[in-house]
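Subject: Structure handover

Hello,

My notes on what was found follow below it.

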Amino acid sequence: MHQNDSIPGPAGPPAAASRRRDIILTAAFAVLTVSLWFLPTDFENRLPTGTQAVKAEITATDNSNLRQYGVVLEGDQRVQALVLEGPFKGRTVTADNLFLGKLEMDKQFKVGDMALVALTVSGGEVVNAVAQDYYRLDIQLWVMGLFAVFLVAYAGWTGLKALLSFLFAALAIWKVMVPLFLKDYDPIGVTLVVLAVLMASVLFLVGGVNRKALAAYLGSLLGVAATCAMAVGFSEGFHLHGSVKAYAETLFYSGYPHLNLTRIFLATVFLGSSGAVMDLAMDVAASMEEVSAHHTGEGAGIGFWKLFLSGLRVGRVVVGTMTTTLLLAYSGGSMALFMVFMAQGVPMANVFNMNHVAAEVLNTLVGSFGLVLVAPFTALMGAWLLAGRKARHPEVVS
């Protein structure tokens, strides 16, 4: 590699030029993010004509049609709701709140609650109303705003770029990945392409346009590709299919019986571990950059093999904690299920043979494989890109 390569390195162009490239990249992803916001998905008009969802305040309730069965309720609750937004603002409507006998889905409103109410409008009048759920958008926006303020206050320009990459990733998943899945594009191929773009946005926005970020990006790509291959390779032995995930079966009854739920499930396996893969890759790449920058040897800088071994040593330390991170994340989502098995005295062998648990085991093990592999991949890419560079900060070297 030469000092004038297109990806600036430790001895690259002046800080002003690097800053300019950083601003250009940030502006480009800002434009892409805004474009994704306005990008149509072709699924916007699937609701019946004349249906609109509004925020409303519950002013009265009628529970006379509710029946108690153990810990669950069945029947329906009638509520009076004052509409707080939209063309019917200020009007009170009578809305139904249907109970399904499922605690995770049912809700019992009381006076003063804020609800999301679906109005059916015909001839300019409300002909039907359903209280769908508690209105949570206000508190969600407040928490998101608080998160954004703290992130930018703490990390400054880097925090702003991290926030941009977060918004870009969220919109890419909702506006690109999900619609393409529904249109029956291959889920694994779509996920790999989307992840390649998402990882570029995260790593180059946060890490800058430099060799460190490029090493982390290439290492992440290789790690995700390895995770994908393992997910596909091990799925047959686990005898898992896509309907093991919540709401997967509902897709069939929503008019999409042609979807390949198994490949969608496999795509989510390496999608779920990709964030940890990126984190580990950037940790290794950043450490290697520092080793290269502060190398005290004479000549062209630290050699390939020394830098590669340094990257491997850093990777070994980080991998030990990151694999446990995946275990904790997936276990947390299944805690109630584990408690049910424990309470019923189900043997551990039976537990690990059940579909839902086996799916989480596949998620954890395959994701951990990806983490173990991304460290040497990144060390290799970092040694290739950063070895032989002269120290950038001779003033800090004793």
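Aspartate 138 has a relative accessibility of 34%, so it counts as partly exposed. Its side chain meets that of lysine 55 in a salt bridge, with 2.5 Å from N to O. The pair links distant parts of the chain: aspartate 138 is in helix α2, lysine 55 is in strand β1 (residues 51-62), and 83 residues separate them. Lysine 55 counts as buried, because its relative accessibility is 17% and the cut-off for buried is under 20%.

Please keep in mind that this is a predicted model.

Salt bridges

The structure holds nine salt bridges.

- Aspartate 22 and lysine 161: the closest N and O atoms are 2.9 Å apart. Aspartate 22 is buried, at 9% relative accessible area. Lysine 161 is buried too, at 4%.
- Arginine 78 and aspartate 96: their side chains meet at 2.3 Å, N to O. Arginine 78 sits in strand β3 (residues 72-83) and aspartate 96 in strand β4 (residues 92-100), 18 residues apart. Arginine 78 has a relative accessible area of 39%, so it is partly exposed.

In general, side chains of opposite charge can pair when their charged atoms come close.

Largest pocket

How much space lies in the largest pocket? The value is about 510 Å³. The pocket is lined by 23 residues, and the closest to its centre are Val178, Leu182, Tyr247, Leu251 and Leu259.

Which helix gives the largest share of the lining? That is α6, with six residues. Helices α2 (137-182), α5 (248-253) and α6 (261-293) each supply at least two lining residues. By class, the lining has 17 nonpolar, four polar and two charged residues.

Surface patch

There is a nonpolar patch on the surface, formed by Leu141, Met144, Phe166 and Leu167. Together they have about 400 Å² of accessible area. Phenylalanine 166 is placed in helix α2. Is phenylalanine 166 buried or partly exposed? It counts as partly exposed, because its relative accessibility is 45%, and that class runs between the 20% cut-off for buried and the 50% cut-off for exposed.

Best wishes

Technical notes: Residues numbered from 1 in each chain as written. Predicted model: local features only at pLDDT ≥ 70, side-chain atom pairs only at ≥ 80, totals over all residues. Heavy atoms only, no water. 1 Å grid on protein atoms, 1.4 Å probe; cavity = no way out; pocket = protein on both sides within 12 Å on 5 of 7 lines; lining within 4 Å. Points joined across faces, edges and corners; volume = space filled by probe spheres on them. Helix = DSSP H or I, 4+ residues; strand = E, 2+ residues; numbered from the N terminus. Nonpolar A, V, L, I, M, F, W, Y, C, P; charged D, E, K, R; others polar. Patch = residues over 30% accessible without salt bridge, like charges linked within 9 Å, V, L, I, M, F, W, Y side chains within 5 Å. Areas by Shrake-Rupley, 256 points an atom, 1.4 Å probe, with all protein chains shown as cover. Salt bridge = Lys/Arg side-chain N within 4 Å of Asp/Glu carboxyl O. Buried < 20%, exposed > 50% of the residue type's maximum accessible area, 1.4 Å probe, protein only.
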